[in-house]
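Please open the structure in the viewer and keep the selection panel at hand.

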Amino acid sequence: MKTYKLFIGGGFPRSESGRSYVVTSVAGTHLANAALASRKDVRDAVVAARAAVAGWSGTTAYNRGQVLYRVAEMLESRRDQFISQVRATEGGSAVAASSLVDAAIDRWVWYAGWTDKISQVYGNANPVAGPYFNLSSPEPTGIVGVIAPADSSLLGLVSVIAPAIAVGNTVIVLASDDRPLPAVTLAEVLATSDLPGGVVNVLTGHITETAPILAAHMDVNAIDLTGVADADLATSLEVAAAENLKRVIRPPADGVDWTVEPGVERMTALLETKTVWHPKGM
Amino acid sequence: MGFDYAPAPESRAVVDIKGSYGLFINGEFTPTIDGTTFKSINPATEEVLAEITAAGSSDVDRAVAAARTAYETTWGRMPGAVRAKYLYRIARLIAERSRELAVLESIDNGKPIRESRDVDIPLVSAHFFYYAGWADKLGYAGFGADPRPIGVAAQVIPWNFPLLMLAWKIAPALACGNTVVLKPAETTPLTALLFAEICQQADLPPGVVNIITGAGETGRMLVEHPDVDKIAFTGSTAVGRAIAKSIAGTRKRLTLELGGKAANIVFDDAPIDQAVEGIVNGIFFNQGHVCCAGSRLLVQESIAPDVLDALKRRMALLRVGDPLDKNTDVGAINSAEQLSRIRELTDAGSAEGADAWSAPCELPDQGFWFRPTIFTGVSQAHRIAREEIFGPVLSVLTFRTPAEAIEKANNTPYGLSAGIWTDKGSRILAVADKLRAGVVWANTFNKFDPTSPFGGYKESGYGREGGRHGLEAYLAH
């Protein structure tokens, strides 16, 4: 039985704790083992994400778009594997699983096209009442901790990762506890897509153990609590995040239909607006 | 040869300060139910100005209830074009009463009349004018085709720009269709209370704007009130953090505008006289009571001696004194408490080994005053390089290379603003790119405009006030 590893800094290490856990299909069969991430793994992932942020946010938007598009191509080349994995993980028919995988690929392509447009949509010049050049531009916030949706193991997963990195952030993703395998396969895709190491880090395990470390980590800039179903856990994570004033995406109030076009909010929530002034004069 | 200015006092006659003030709830002034009272004083003279009410919990309940009713029955369903008319009217009334507001602001806050008259109050009127125009155009703002307001906004503002901070909060909230309960700072309630009268003069429907005075406890009760949908806070990072924790697990939305320790970077090709004006403006404007103050000077080593000489010459000409004198450059420190905080940190600066130099000037006997001061020989580890002093105190550090300047500038948990002084255009743009700050002033400093978004990175807070971006905080997602 295969034991899947973590994805940190572009490589696939085991958990430093040496632990792993059993991943079952929705029907109860033993699908594989996955690494059981520890607190130290989380901290190592943050180090990798920080090391990657200057390079990734410093690449041109065009370059980021090309890399994301490459990821979509690689997803498509492994379409059959994803379909069977999603089906085993979430249940449902082959048709339903195909539809989810295709939606995930399309979602990735959609975000690839946003990299060099979001600043045109979200930034602007400001007509100040004086002889000054004044421009507001969005910049990535830095490192984003993401707790991936518990149930939507590929489409939901892609929908929380792609917007964060499209705009230049690096991420540490805590995969769904019970449905981690598509995240592991996605990591393999990312590793072969020219995405620099450390831009996306994927940790499998129990979010009750890893999320608090991520939420309290002083070098993480934002946290996406989308996948936190337990209200008390979500509250305690938001409290921990307040220590260094992380930008927080709260869990959705109701269920999410991941097939609906997402809008720009998952990107703008992870962007900082910088406004630059300069006098004009002969 | 000295150049003496004769006193040029602005008259107080235009202002009519009452002996005591109640709370402004549901369109009228009303006494407290379960609160207390306290005194507001003039920080330049320590005279008592008025008795102010500190709202109690029943008062907070009433105010929030009034805002909720006004939101549901009147303001939240009013067409944007009609909301706009009220806001335009308020902008006009502020402009008409601008001298009265400026004098009152200087008396209550301690800032020079030249600043309140020429900077604060004009920006207040402009803010309402700008956001009035958005009220019926929200579908064009980039937040959806028909964005809705959030509901009731609780707003807590600081004492450094009392009426301007009120405008930054109330104008966008109302333009988007929200109603508000605002708590001005304990030491500077008077212009907010006069603004309440202006709301009455403008016939603003009752409950749309509620002003409840008080101190930290009133503010806490307000932001923790369960029927508040959105909180906007400007103040210290410590309190901002506490508010963020208190709303965890709720659906309340929050924007924060907190402290800063901005680096003002002067490169060796900067024109020295202009840079010195920018340094002085950066830290001594408003007595340094500015969250985005350029409180760390990072000067390139090769020109440091010349810049410091020019800076000291310029500082020696700063006029510290009566805020109502039109010649005054630097006014009073806002309170005894703030003065003692400034002293604690400047004492630490000397104790940690930095060298203090203060402008030689006479200080009045009464009131709270601090001489404009610079510290040289400062290291990044010193408290005066890391902690926000919020006074007319500049910490001077040097650097050799642009990369070093950027690293030092960004080496702070704050990220509100920064300054760049250089003649080289490509360097302005490259350095501006790398500074992790929400506002970057290049070859200028402390410039504000209602159209220009303002706010911080990292622990300086989140959200933006001003401009199109300033609408986002007041619209439902």
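Begin with the sheet of chain A in this predicted model: an open sheet of 3 strands in the order E1-E3-E2, with mixed pairing. Select strand E1 (3-4) and strand E2 (20-24) of chain A; these are the edge strands, and each pairs on one side only.

Turn now to the largest nonpolar core, which comprises 261 residues. Which of these residues touch the most other members? Select Trp108(A), Val146(A), Ile161(A), Val173(A) and Leu87(B) to see them. Domain 1 (23-258 + 457-474) and domain 2 (263-442) of chain B each contribute residues to this core, which therefore lies between them.

Centre the view on Trp108(A). Leaving aside residues up to four places away in sequence, Trp108(A) touches Leu68(A), Val71(A), Ala72(A), Leu75(A), Val158(A) and Ala162(A).

Where they meet, 21 residues of domain 1 of chain B are in contact with 26 residues of domain 2 of chain B. On the domain 1 side, select helix H3 (98-109) and helix H4 (113-134) of chain B, the elements that give two or more residues to the side touching domain 2. The residues of that side of domain 1 divide into 7 nonpolar, 7 polar and 7 charged.

Conventions:
Residues are numbered from 1 along each chain as its sequence is written. Chains are lettered from A and ligands numbered from 1 in the order in which they are written. This is a predicted model: local features need pLDDT of at least 70, side-chain atom pairs count only at pLDDT 80 or more; totals for chains, interfaces and linings use all residues. Two strands pair if DSSP finds at least two bridges between them. Helices (H or I, at least four residues) and strands (E, at least two) are DSSP runs, numbered from the N terminus. A nonpolar core is a set of buried Ala, Val, Leu, Ile, Met, Phe, Trp, Tyr and Cys residues joined through C-beta atoms within 7 Å. A residue is buried if 20 or more other C-beta atoms lie within 10 Å of its own, exposed if 12 or fewer, and partly exposed in between; C-beta atoms are placed from the backbone. Domain bounds come from an automatic or database domain assignment. Two residues are in contact if their C-beta atoms, placed from the backbone, lie within 7 Å. Ala, Val, Leu, Ile, Met, Phe, Trp, Tyr, Cys and Pro count as nonpolar, Asp, Glu, Lys and Arg as charged, and the others, Gly among them, as polar.
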